[in-house]
Amino acid sequence: MLNTLALTYFTPLLFGLLLLLPYRFSTKTIIRISTIGLSTPFILSLFIAGINSPTELRLFSLKMTHFHFDFILWTDHYGLAYLFLTHFLGLVVLRFSHNYLEGEKGHQRFFATILIFIFGMYLICLAGNMDLFFAGWEIVGISSFFLIAFYRSQNRSISNAWRIYNIYRICDVGLLLSAVIGHLLWHEASSFSQLAELTATEIASIPFKYHLILALFIIFASLGKSGQFPFHNWPSRAMEGPTPSSAIFYGALSIHAGVFLLIRTEVLWSSLPEARILLALIGLATWVFSYFQKKVQANIKGQIAYASTMQIGIMFILLAMKLSPLVMIYLILHALWRCFQMLTSPSVVLQSLTHAQREITLRRPTSNFARRLESTLYSLAINDFMMDVSARGFHFVQWYRLKTLFFFCLRKPVIGTLALVIIQVAAHSWLHSWHGYQHLFTDILSSLSLLYSAQALFVHRSAFKALGALGISLLCDMASIYTVIPGALHGIWLYMLPILPALIIALIVVHPFRELQLQYFHSQGQSHPTRANIFLLCFMIISGMPITTAFFGEDIILAKLIETSYPMAIFTSLSLMMNGLICVRIYVRLFMGRPVAI
Amino acid sequence: MKRNEIDSFLLGVAKHLPIIRPIKEFVHLNLLANFQHLNFWDALREVSADLDARPFLDATYYQELITKNMIDPQVLAQVMLEEFKTPLEAERVAKKFNNRPLEFHHHDARIGRFHFAWNELTQAPIAELADGLLIKWLGMFLDQGVCQWKMPEADRLDFYQAIRHLLGQTLIRPTPFSGQDLQKLLPEDPYEAIESHLAFLCPPAELREDYLKEAMLGLRGWAGLIASLQKDASLLDHPRKITLHDFLAVKLTLERAWILHYKPNSKSPLYFPFSSHTPHPYLDEECFKYYKCLQQAHELTIHNNKLGQIISQKKTSSLAPRFQAIFCMDDREGFLRQNLESILPEISTFGTAGHFGVECLYQAPDAHFPRKQCPLPVAPKLLIKEKKSRNLNHHFSLKNALALFRGLFFPVKFDPLDTVIVEREIPPIALDRSPSQEGLPNGYELSEMSQLAYTQLKAIGLLENFASLVFVMGHTSQSANNPYFNAYGCGACSGRSGEINARIFCQILNRPDVRTDLLTRFKVNIPAATTFIPGLHDTCRESVKLFISEKISEKSEHLLKEFIATLKLALKQNALRRIIPLSPHSPIVDADHALKLLKRRSDSLFEPRPELGHTSVAFSIVGNRQLTRGLDLEGLAFLQSYDHGLDPDGAILQNILSAVIPVTSGIGLDYFFSRTDNFRFGAGSKLPQNVVGLFGLSHGTESDLLVGLPLQMVDQHRPVRLLILVEQTADLALQAIKAHAQVNQIVANEWVRYMSLDPHSGALSFYRDGQMHPYQLMGGHYA
C-alpha cells in the first residue's frame, strides 16, 4: 500500500514536465499546479513520519537479462529530517515566488525548474541506494544550472551558471565512481539499509587501498555541491537568478546536499582516520578562507554565500569528529536561517536606516609588520586568495605554464596519448600490481578517448567539430571497453542505444551553425527555439541524465570496468563526464546569450 | 594624452554618464540631465548612439497603440506632414517602416570592441577579470556598512592612493600583480598612470578617446556614481574621496596588469584589428524621424484628450468650505482628492510640493545621520532634531519570532481595516532657533516661520476663508523588502516620508505668535478657531495617520469625526481604483477586500510591485483646482494649486515653476527612459537584485551598478513627455519660464511640452521656439 503511495513523490516531476510543455498556462494555473505538486508529497511524508522505525519502500525494479535497477526509498531519521526541510523550504519559496515572479518573462519555466529541483531533492533525501541517490544528485545539478542561467540574455549569468555546472559535474565523477565501487565491494549490500547494518569487521575486511579510494571519491563528490575548499568560491558567483531561487539553492537546500551525502555514507568513510583528517582539513581550510572572504564582501548576497560555506566548513569538521546527529540539527537551523536572510536581503538598506547601526570599530594594527600582514590578507581575500577555480583559474600555482603544457599535449595527439597511457599504466601497476602489457591496446584506446573529449572541450571552436570529436571519443571508449571486457556488451548496448541517435540528431541540429565560434555567445535560441530545445534534449541524453537507459548503461559499464582496472574506470568516467561538459558548452554558447535587440 | 587633455576629456565623458545617487538618496531624475542644453530629440539620438540603446519602444508597441486608437490617425497624419513636408513623402516613409521589426545585433555594439580584441589576443577574458577586481575594490572602498572589515586607509586616502597603499604593503602580491613592476603599474600620480597605460593599451592616438569612452561607459553605473560623489561627497554617510580619474587610472592599471599576466612578454604596445560598429537601426535618420512622429502623435493624443475634457468642464461655483485640505501635488494624491471631493462637496483641496516649504535636514530620534527633507536642488538651511520619544521595540522575542513565521505564509496582520489612525500623543517638535554644534542652525526664527507660512499659503491661493479644520497631508509609502523604498515616497522630500514636513508646517501655523505676525506683517487673518492638522497618507496601504497635538474645540472634534468618516470612504474608493492595474488576475470582491490586498502588498516580503508609483503620469497642471475639480484625472497629473488672481505680475508663477518643472519633468523622464530601453537606461528585472555596500544595487556579485528604474516599476508605463499646463495668460506664462534659466532650458529644448490656458478667455496657447502660439484641439496646428 505504502509502496504504491510512495509514487506520490513523482508528482513534482510530472507537474514540472507538464509546465515545460510548449503550452502557455495562465499564472493562476501555474501556481495551482506547483502548489499541488509540492503539497501532495508533503502529506504522504507526514504519514511516513508516523512510522517509527526506518522503513524501506520498494517502489519497483527494472529487470533485464543482465541488470536490475531497484527503485527503493529508505526513510531513516536523517532522511526524513532533510525531507521535511525540503518540504518546508520548498513551500516557502513557492509562496515567495508566487507574487515575486508575477509577470516575469520565463515565469512558467521558473516553476517547472523549481518543481524538478525539488523532485531531485526528494530523491536525495529518500534514495534507498547509491544509484537513486546519484539520479537525484544529477537532477539537482542540472536544475541548478537552469536556475542560475534563468536570465538567458545576460552573458554574465550564463557564464557563471556554466562554470558552476562544470564544478558540479567534475565532482559528480566522485559520486558515480563511489557508487560503482560500493557495488563491487558489497555485492549484496547495495542499499543504504543494508549498509547501515554492516558491521565493523565487514568494513575492515576491505583492502585499505580500495577503501581509501572509495572514501576519497565520496568526499570529493561532496565538495562540489557544498562549495568546500577548493570550490568555495562558486556560491558567490551563483547569485544570478531571481532571489527566491538563490535562497533555495545556495542559501538552503542544495548547498547542504554534500553534507547530507557524507552523513548518508558515514559508514563508508568514517572508519578511516585518513579520510576523517582530510575532511577536517578541508572544513578548516574552507572555514579560514571563507571567513576572510566573507569579511571583505561588499555585496550582501556574496557575503551570505561565503558565510554559508564557512558554516558548512564547520559542519565538515564536526562530521570528521563523528558528530552527525549534531550536524543534522546544525544543518537544518542553518538552512532555515540562510533562506530567511537571502529572501529578506533587499531590505538591508532600509534596515540600516531604521535600526541604529552598530559602528564597527576594528583595532587597527600598530606595528609595521602587522599592518603589512593585514594588507596582505585583505588584498588576498578580495582576490579570492587566487583560488577561484571557477573563473580566474588556480593562480596560486603558476597555472598558465601548466596550461601551456596541457594545450601542447592536446594539439599533439601522439604525445598526449603517450602521456595518458603512461599515467594509466603507472596507476594500474600501483593499484593492481604489474600485469605486463596485456591491456596496452585498451589503454591506448581509452587514452585516445579522453584526449578527444578534452580536445572537444578545450580546443575546437566549431560546435560541429566538437560534437564529432565527442563521437570519436565515445566510439574509442566503447571499443576499449569491449576489447577488455566482452561481457560488458549489454551495458554498451544500453548506453549507446539512446546516445548514438541523440548524437546524430545533435550533429544535424548544430550543422547550420558550424561556422560560429564557440568562445562567444551567439544566442541562436531566440531565432531557432525548436533547434535549441531539440539540442537540449540531446544534451541531456548524451550527458547521461537519468532519463534514458544510458544512465543505467553507464552504471553497468563502469561496474564491469572497475572490476578489471581502476585507472581505466576513472579515465572512462572522466571522458563520459566531459561529454556532458562539451554538450553544455555548445548549448550555452550557441543558444544562449544576449539576444538580438528588437 | 596630457594631464589637461585627460581632464577635459573626463569632463566631456562625465556628461554621458547617467546620474545615479546612493540608493538611500534615491530621487527620480532625468537620467540625461547633462544633455538638457540640447534639444530633446537630438539628445535622445546622441545618447542612444553612445550606449547602443533603442531610442523608442519597438514597432509592435506603436502598432498596438494604433490599433487601440491610442494614436489618433488624424493627429499622426498631421505630425507626419509637418515632419516630412509633403503627403507623398510621408506616405512613403510610413510604408517603409510601418510595423517593420528592426534588429540590432550586439556584435555590432560600440561598447566592448576593445575587449573583444584583447580576448582574441590573450585568449583570456581580460575585461571580465579586470572589471571583476575593480568592482570588488570599489565596493570595498565605498562600502557603507556591509563589509565587516574596512579597507585600510579608505577613510583617509583617495581611491587610487588607497589601492596603491594596499598593494604596496602586501607581503604576497595577488594576481595579476605578482611578479610585476608595481612602480610602473601604479606610479604615484594617477595621471601618469593613465598616460603610460594608454600608450600601452591603445597605441593609436586617434582611437584613445573612443577607448576611454568605452572604458567609462562599459561600467557606467559605477562611473556615474563616482561622478556624483566627486561633485558631492556628502551623499555618503561615511564620505570617501574618489574621482573619475582615480577610477580610470585603476581600471587601466588592472587591464594592463591582466594582459601582462597572460602575455608577460608583450613589451611593445599591442596592436589590434578593430571590428566595425554598426549603429542601431532606429538611429537611421528617416527611421528616427518616423518613430519621433509616432511618439509625438501618441503624446498629442493623450494630452488632447484630457485637455478637451478640461476645457469643456463646467466650472462649479464653490460653496463656503467646511474643510480644507492641502495635499502634495503628487499624481497619486489626485485620486484621494477626487474621491474626497465627490463624497463631501464642502471640502476644498489644494496641491503643493509635499515639503510644504519646510526646507530642512531632519534627524530622527534613533538615526545617526540627519536626512534631507526637501527637494533635491534645494540646499537646506537648518537642522531639526527630534528627541527620542516613541518607544521602538526591535528586540528579538518569541512573540516577534512567531509573528515573523506567520508573516511568511500569511503576510496580512489580522487587524481590523483601520485605514485612519489618529495619534494624539505626539510631542511637539522643538522649532525655535537654538544654538547648534553641527554648523547648520537648529530651528527657525519667528520671522522665518511667518514668511514661510505666508509664501506657502499665497502660492496655493489660501489667504482667506479658512475653514475651522485645515488638513495638511504629507505622503509616504511603506513597503517591506523593497530596495527602492525612496522611489515611492514624496519626491519633494527627496523621496522620504512627508510626515515631518507636514507636522512642522502645521505646528508653525498653529502658533499664536506666528499668527499675530502673519496678521501684522502680511495682513493674513487666520481665525482662532482654525486648526491645522497634519496627516500622513500611505499611498501603498491606502491609510492615513492624523497627528493631533493641539487641543481642539468640541465643535472641531465633531467636524473631525465627520472628516474621518469621509476619509475612510474615500480611501476605500481609492483602494478599489488602485488595485485594478496592480492585480489584473484576481477578482476584487469589494473595497475591504481591495484594502486588504493593498495591505498585503505593503507587508509582503514577496512583492516586486508594492504599488505603481508615478506610472501613469503625463501632465503637470498648475492652476486653480476649479479647473479639474469633478474630472477623473486617472492619476495622469501632478496638481499644483495656483491662484492667478493673486499673481498679477507672474512672480508667484515663476517661483512655482522653478520647482515644479525640474522636479516633475525629472520624474516623468526617469520613467520615460527606463521604459523605453530598460536594458540600457533602466535597471532590468528587480528579482535578482543584490545590494552593494548599502549604496547601490547590482545583478549578481561582480557587475555594474544598476541605473534608472527596474522593469517591474515601469512595465505598465506609457512613455510620454509631460505636458505642463499653466492657468495664466500666454504672456505671463512665457515670462515665467524665461525668468529661470534651467526651466527655460527644459521647456525650450522640448524636454516637456508647455501650454497655457488663459483664465479669462479660456484660450489655449502652446510654446514653441521661444513664443507662445494659439493652440486648437484636434486639427489645426500642433506642437
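This is a short talk about how chain B meets chain A, and about one helix pair inside chain A.

Okay, so before anything else: what you're looking at is a predicted model. Let's start with the interface.

On the chain B side we have 86 residues in contact, and they touch 83 residues of chain A. The area buried between the two chains comes to about 8,000 Å², with carbon and sulfur atoms giving 58% of that.

Now the polar side of things. The count is 26 residue pairs in polar contact between chain B and chain A, with both residues at pLDDT 80 or more. Which parts of chain B do the touching? The elements that give two or more residues are α6, α7, α8, α13, α16 and β12 of chain B. Of these, α7(B), residues 126-142, gives the most, with eight residues. By type, chain B's side splits into 38 nonpolar, 31 polar and 17 charged residues.

As for salt bridges, the rule finds three across this interface. In one of them, K136(B) pairs with D384(A), at 2.9 Å from N to O.

Okay, over to chain A on its own. Helix α4(A), residues 77-100, and helix α12(A), residues 243-252, have axes that come within 9 Å and cross at roughly 160°, so the two run roughly antiparallel. On the α4(A) side the contact includes L89(A), V93(A) and F96(A), and on the α12(A) side P244(A) and I248(A) are among the residues involved. That contact is made up of seven nonpolar residues, three polar and no charged.

Conventions
Residues numbered from 1 in each chain as written. Chains lettered and ligands numbered in written order. Predicted model: local features only at pLDDT ≥ 70, side-chain atom pairs only at ≥ 80, totals over all residues. Heavy atoms only, no water. Contact = heavy atoms within 4.5 Å. Buried area = accessible area lost by both parts, 1.4 Å probe. Salt bridge = Lys/Arg side-chain N within 4 Å of Asp/Glu carboxyl O. Polar contact = N/O pair within 3.5 Å; in protein donor to acceptor, adjacent residues only side chain to side chain. Helix = DSSP H or I, 4+ residues; strand = E, 2+ residues; numbered from the N terminus. Nonpolar A, V, L, I, M, F, W, Y, C, P; charged D, E, K, R; others polar. Axes fitted to C-alpha atoms, helices over the stretch in contact; angles between N-to-C directions. Parallel < 35°, antiparallel > 145°, perpendicular 65-115°, else oblique.
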